[in-house]
Amino acid sequence: KKLKSKYGEVEIEVPRDRASTFEPVLVPKRRGLAEGIEELVISLYAKGMSTRDIEEQLRELYGFNLSESAVSAITHKVSEDILEWQQRPLEPLYCIVWMDGMVFKVRHNGKVINKTIYLAVGLNQQGKKELLGMWLSESESAAFWVSVLTDIRARGTEDILITCTDNLNGFAQGIKSVFPQAATQVCVVHQIRNSCRYVVWKDKKAFASDMKAIYNAPTREMALVELERFEQVWGSKYPYAIKSWRANWQELTVFFDFPLEIRSIIYTTNLIENINGKIRKYTKSKGAFPDDNSVKKAVFLALREITKKWTQPQRNWGIILNQFVTL
């Protein structure tokens, strides 16, 4: 039979075994692909290549044809890995959990609609980042986040010390309903962006500079003084920008309750947004996904590539862990 391998297409002669008592080890029965080709296909798919691109790449590099349907069959095996990974048990305690959603275009009943992939990243007691799961829904909402947190709890997590989220309406209340003792920090960077939406271009630099004094203040009390000063300068011109700070003040200033080392980690969701950016790099070649499974498959494989580098604990973890234990 012809065996497709990284050395090209090789013809091998397999002796007949009339009684079917012999089990080949290197090239199992009914297998036309040598070890390593499937991993290569999955790796290329994870990097954002389409099934047609992979077919052409294998033909150019190794001189054999692997049909699009064969490539799809190989990548389909990833779906089983996703199911197993999504149901794995979690640790009983996470010090910090960052949560965010990202939108993808998916074909549904002949139309292209937006669907949201929800991601949650935890910082465990060893100081290492861990991806807790991936969930898919039609739109980002606080109600769906509650079901995400319920799933995390059902898989063995008893408590989260701090959650970091964007300022989605009702999100903080939803977290409290599942993990009542968790401190909920709304991302300050999201708040800055939202405030700057109301500001004209020529004022943006001065506006952002004055706003910086609020979140760089040493204490919550000083931050409130800076907010008052900020309102006196800009309140008459941009009242809605100030109003959003007032409305979210409690959730925005949770990080002031913690020492400086912890503050720098929790006042923004930049960590998870950085992951989102890397996922986009892997998936940008795909305009609209044909179905839900293909989105999950592409995002899962991208995440697998990204998380390979998560081997080191958080910087200054010994100090941070001592602070968490004390608090």
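**A helix pair and a mixed sheet**

α9 and α10 are roughly antiparallel to each other, because the angle between them falls over the 145 degrees that sets that class. This is a predicted model, and that holds for everything I say today.

Let me stay with that helix pair. Helix α9 covers residues 220-234 and helix α10 covers residues 239-247. They pack at about 160°, and their axes are 10 Å apart. The crossing of α9 past α10 is left-handed. On the α9 side, the residues making the contact are L224, L227, E228, F230, E231 and W234. On the α10 side they are I242, W245 and R246. Sorted by class, that contact has 6 nonpolar residues, 3 charged ones and no polar ones.

Now the sheet. It is open, has 5 strands, and its order is β5-β4-β3-β6-β7, with mixed pairing. Which strands stand at the edges? They are β5, residues 129-137, and β7; each has a single partner strand, so one side of each is left without a neighbour in the sheet. From one strand to the next the twist averages 25°.

Strand β3, residues 93-108, and β4 run antiparallel and are joined by 13 bridges.

On to β3 and β6. These run parallel, with 5 bridges joining them. I96 stands opposite I162 in β6. I162 also stands opposite A183 in β7. The β6 to β7 pairing is parallel as well, with 4 bridges.

What about the side chains of β7, residues 183-186: buried or exposed? A183 and Q185 point one way, T184 and V186 point the other way, and all are buried.

Helix α6, residues 171-178, packs on it and touches β3, β6 and β7. The direction of α6 makes about 160° with that of β7. Helix α15, residues 317-326, lies across β3, β4 and β6. Relative to β3, α15 runs at about 105°.

T165 is in strand β6, residues 159-165. Its relative accessibility is 1%, so T165 counts as buried, the cut-off being under 20%. Leaving out residues up to four places away in sequence, T165 touches M99, F171, I175, Q185, V186, C187 and T269.

I117 is in strand β4, residues 111-123. I117 has a relative accessible area of 0%, so it is buried too. With the same exclusion along the sequence, the contacts of I117 are D100, G101, M102, F104, M134, W135, L136, V295, K296 and V299.

How far is I117 from S236, in terms of C-alpha atoms? The two C-alpha atoms are separated by 39 Å, and the residues are 119 apart along the chain.

To recap, there is a roughly antiparallel helix pair, α9 and α10. There is also an open sheet of 5 strands with mixed pairing, and helix α6 packs on that sheet, while α15 lies across β3, β4 and β6.

Note on methods. Residues are numbered from 1 along each chain as its sequence is written. This is a predicted model: local features need pLDDT of at least 70, side-chain atom pairs count only at pLDDT 80 or more; totals for chains, interfaces and linings use all residues. Side-chain values use heavy atoms; hydrogens and water are left out. Axes are lines fitted to C-alpha atoms, for helices over the stretch in contact, and angles run from 0 to 180 degrees between N-to-C directions. Helices (H or I, at least four residues) and strands (E, at least two) are DSSP runs, numbered from the N terminus. Angles under 35 degrees count as roughly parallel, over 145 as roughly antiparallel, 65 to 115 as roughly perpendicular and the rest as oblique. A crossing is left-handed if the near helix is turned anticlockwise from the far one by less than a right angle, and right-handed if clockwise. Contact means heavy atoms within 4.5 Å. Ala, Val, Leu, Ile, Met, Phe, Trp, Tyr, Cys and Pro count as nonpolar, Asp, Glu, Lys and Arg as charged, and the others, Gly among them, as polar. Buried means under 20% relative accessible area, exposed over 50%, partly exposed in between (1.4 Å probe, protein chains only). Two strands pair if DSSP finds at least two bridges between them.
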